[in-house]
Every structure is written in structure tokens, then in C-alpha cells.
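Please read each point with the sequence and the model in view.

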Amino acid sequence: MALKTAAFLIDGMTCQGCVAGVTRALKAVSGVADVTVSFDDKCATAHYDDAQTAPATLIAAIENAGFDAQMSATS
Ligand SMILES: [Cu+2]
């Protein structure tokens, strides 16, 4: 399986608890292998298996956790 990387800009994180919430939401998506969330940069980076999930699904997971997300980069 080939992992892809997607980065998202996230609005609404106000503390480290929010960082943990975004991290948990992304890791709960099947196909996500690894997640890094930066509070200072207000962004998240996820490595995921594109046979199992897609950036739109990851954005939906972040939004379901109560934050605004938009794609900033993909590779
Ligand atoms: Cu918070």
C-alpha cells in the first residue's frame, strides 16, 4: 500500500485539548497511519492509505470533531 500525505489548515483550535481532539478524530479514520497536529501552525498533517480513505473524508472527520478544516497541501 502506498501512503499519501495530506495537510490541512484548521480553524477553531484554542488549546492543547483541541489538538488532542483533532488528532483523535483523524486517527479514528480507517486508513490513517499517522497524524501530526500543530497548534502553533494551526495545521494537521496525515499520512493515509488512499485505497481506504481520501482527503475529503479526513476533512469531514475534523469538522465532525467541531473544527473547520481545509486542504492546504497534498502529495
Ligand atoms: Cu481546546
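**Notes on the predicted model**

1. Lys-42 is partly exposed, because 16 other C-beta atoms lie within 10 Å, a count that falls between the limits of 12 or fewer for exposed and 20 or more for buried. The structure discussed here is a predicted model. Lys-42 belongs to the loop between β2 and β3. Its backbone deserves attention: the phi of Lys-42 is positive, at about 50 degrees, although the residue is not a glycine.

2. The packing of the two helices may be considered next. Helix α1 covers residues 16-27 and helix α2 covers residues 55-64; their axes are 9 Å apart and meet at an angle of about 140 degrees. The arrangement is therefore described as α1 being oblique to α2. Angles over 145 degrees would count as roughly antiparallel. The crossing of α1 past α2 is right-handed.

3. Which residues make the contact between α1 and α2? On the side of α1 they are Val-22, Ala-25 and Leu-26, while α2 contributes Leu-58, Ala-61, Ile-62 and Asn-64. Sorted by class, this contact of α1 with α2 comprises 6 nonpolar residues and 1 polar residue, with no charged residues.

4. The largest nonpolar core consists of 17 residues. Within this core, the residues with the most contacts are Ile-10, Val-22, Leu-26, Leu-58 and Ile-62. At least two core residues come from each of β1 (3-11), α1, β2 (32-38), β3 (43-49) and α2.

5. Setting aside neighbours within four places in sequence, Val-22 is in contact with Ile-10, Met-13, Val-37, Ala-44, Ile-62, Ala-65 and Phe-67.

6. Apart from neighbours within four places in sequence, its contacts are Val-19, Val-22, Thr-23 and Ala-44. Val-37 and Thr-23 are 14 residues apart along the chain, yet their C-alpha atoms are separated by 6.3 Å.

7. Val-35 is also placed in strand β2. Val-35 has 19 C-beta neighbours inside 10 Å, so it counts as partly exposed. Outside the four places on either side in sequence, Val-35 is in contact with Thr-23, Leu-26, Lys-27, Ala-44 and Ala-46. Its C-alpha atom is separated by 8.9 Å from that of Arg-24, which is 11 residues away along the chain.

8. Gln-70 is part of strand β4, which spans residues 68-74. It counts as exposed because its C-beta neighbours inside 10 Å number 11. Even so, with neighbours within four places in sequence left aside, Gln-70 is in contact with Phe-8 and Leu-9. Between Gln-70 and Ala-56 the C-alpha to C-alpha distance is 9.2 Å, and their separation in sequence is 14 residues.

9. Where does Ala-2 lie? Ala-2 is located in the segment before β1. With 6 C-beta neighbours inside 10 Å, this residue counts as exposed. Ala-2 and Ala-28 are 26 residues apart in sequence, and their C-alpha atoms are 19 Å apart in space.

Note on methods
Residues are numbered from 1 along each chain as its sequence is written. This is a predicted model: local features need pLDDT of at least 70, side-chain atom pairs count only at pLDDT 80 or more; totals for chains, interfaces and linings use all residues. Axes are lines fitted to C-alpha atoms, for helices over the stretch in contact, and angles run from 0 to 180 degrees between N-to-C directions. Helices (H or I, at least four residues) and strands (E, at least two) are DSSP runs, numbered from the N terminus. Angles under 35 degrees count as roughly parallel, over 145 as roughly antiparallel, 65 to 115 as roughly perpendicular and the rest as oblique. A crossing is left-handed if the near helix is turned anticlockwise from the far one by less than a right angle, and right-handed if clockwise. Two residues are in contact if their C-beta atoms, placed from the backbone, lie within 7 Å. Ala, Val, Leu, Ile, Met, Phe, Trp, Tyr, Cys and Pro count as nonpolar, Asp, Glu, Lys and Arg as charged, and the others, Gly among them, as polar. A nonpolar core is a set of buried Ala, Val, Leu, Ile, Met, Phe, Trp, Tyr and Cys residues joined through C-beta atoms within 7 Å.
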